[in-house]
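Q: I have a model open and want to go through it. Can we start with the terms and then work along the chain?

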Amino acid sequence: MLPNLPYAAYLRVYQPLIAFSNREKAYWRAYAASSRRPRRSDAVATEHSESLRRLVSAPPVPVPERESGDAYVRRLGGEVYVCPWQTRLRSWLGLRDFRTETPARLSAAFIPEPVAEAAEERFEQWRERGEPMRTQILTSTWTVPLAWFSPFDAEERCLVLGGEEQQPADAADPDSADRGLRGERARHPAGGARPAPRTLLYVARMAEARERLERAIALLREHVGDSTSLSEAEGLQDWLLGVAHPRALLELDYGGLVHLVGDESLRQDQSVAEVGAALTGLETGEHELAVAMYQRVSRRWKEMEALKHAN
């Protein structure tokens, strides 16, 4: 039900303004220039807090009455890119998944049945109007699906550890896409010298992300065949084809997962590089390398996911 969860990672598509209608384009251009919008370092926490306030009200409000007018913003080469929060749509989809996966008696303890049914009815009305069903943001709790690593390159990695002072590439641009696109040494510029938020993310241009994903799918089809890995990669490809403009940016954000491990574990996390090495091993016939890299990255994320059962 919460579009942003404490221990979740996110895959986000940032659309260039050209992807929007003239009316939307004008709105997002003004929004990006506003000094009052939530900045990237605070956006996840802001949306999460808003969701919690709705759910703890009496009665709870699982889905906001109106769609959010907020977005994540990036800039690259003088161009503005936005990833709308789509809080209402994501809340509807989250509520549907919650009710599907949770026994009725238990789900009713969180969301009274009349409240949930009313939200579902509004969702059906919304769908009947032909509104788009695809979100610009995918969420994964407690882990990152291995398919999410394949659209990225190790050089697009950006790691910022808690307490580090920022080394801004452009201190006047708090949402620069340079971080991630320019590698691990990039930092999250937010102006001044206050400590950067603890972050691990990757940012890729959509054309390159799609090429890498297509390569991964081709190699998995040839060398692995039907598998969970292939199914996840194909599902990711379908999502990107449905939502992303060719000039969009793709971002993998570890989100709240960075708080589950220490600084040294984050430094050693080279999941994108390991997935890339596994695919290259398949391509070159070095199957022992492919297996070793796959097992390494798979073990790391199984251990992370197991933390959800820890006290």
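A: Helices (H or I, at least four residues) and strands (E, at least two) are DSSP runs, numbered from the N terminus. This is a predicted model: local features need pLDDT of at least 70, side-chain atom pairs count only at pLDDT 80 or more, and totals for chains, interfaces and linings use all residues. Residues are numbered from 1 along each chain as its sequence is written, and side-chain values use heavy atoms, with hydrogens and water left out.

Q: Where does glutamine 86 sit, then?
A: Glutamine 86 is in the loop between strand 3 (79–84) and helix 3. Its phi is near 50°, a positive value in a residue other than glycine.

Q: Is glutamine 86 buried or exposed?
A: Buried, because its relative accessible area is 14%. Buried means under 20% relative accessible area, exposed over 50%, and partly exposed in between (1.4 Å probe, protein chains only).

Q: Which other residue has a positive phi although it is not a glycine?
A: Tryptophan 142, with a phi of about 70°. Tryptophan 142 is in the loop between strand 4 (137–141) and strand 5 (157–160).

Q: How do the lining residues divide by type?
A: Into 10 nonpolar, 6 polar and 6 charged. Ala, Val, Leu, Ile, Met, Phe, Trp, Tyr, Cys and Pro count as nonpolar, Asp, Glu, Lys and Arg as charged, and the others, Gly among them, as polar.

Q: New topic, arginine 12. Where is it?
A: In strand 1 (residues 8–16). Arginine 12 counts as buried because its relative accessibility is 0%.

Q: Which side chains does arginine 12 pair with?
A: The side chain of arginine 12 makes a polar contact of 2.5 Å with that of glutamate 251 and another of 3.0 Å with that of aspartate 253. A polar contact is a pair of N or O atoms within 3.5 Å; within protein, one must be able to donate a hydrogen and the other to accept it, and residues adjacent in sequence count only if both atoms are side-chain atoms.

Q: What else does arginine 12 touch?
A: Leaving out residues up to four places away in sequence, its contacts include Arg40, Val44, Tyr72, Cys83 and Gln136. Contact means heavy atoms within 4.5 Å.

Q: And arginine 74, what does its side chain contact?
A: Glutamate 251, through a polar contact of 2.5 Å between the side chains. Arginine 74 lies in strand 2 (residues 71–76) and is buried, with a relative accessible area of 0%.

Q: Over to valine 115. What is it in contact with?
A: Pro59, Pro60 and Pro62, leaving aside neighbours within four places in sequence. Valine 115 lies in helix 5 (residues 113–128). Its C-alpha atom is separated by 7.7 Å from that of valine 61, 54 residues apart along the chain.

Q: Why does leucine 289 count as partly exposed?
A: Because its relative accessibility is 33%. Leucine 289 lies in helix 11 (residues 287–306) and touches Ala277 and Gly281, not counting residues up to four places away in sequence.

Q: Last one, the whole chain. How many helices and strands?
A: There are 11 helices and 7 strands. Of the 311 residues, 47% are buried.
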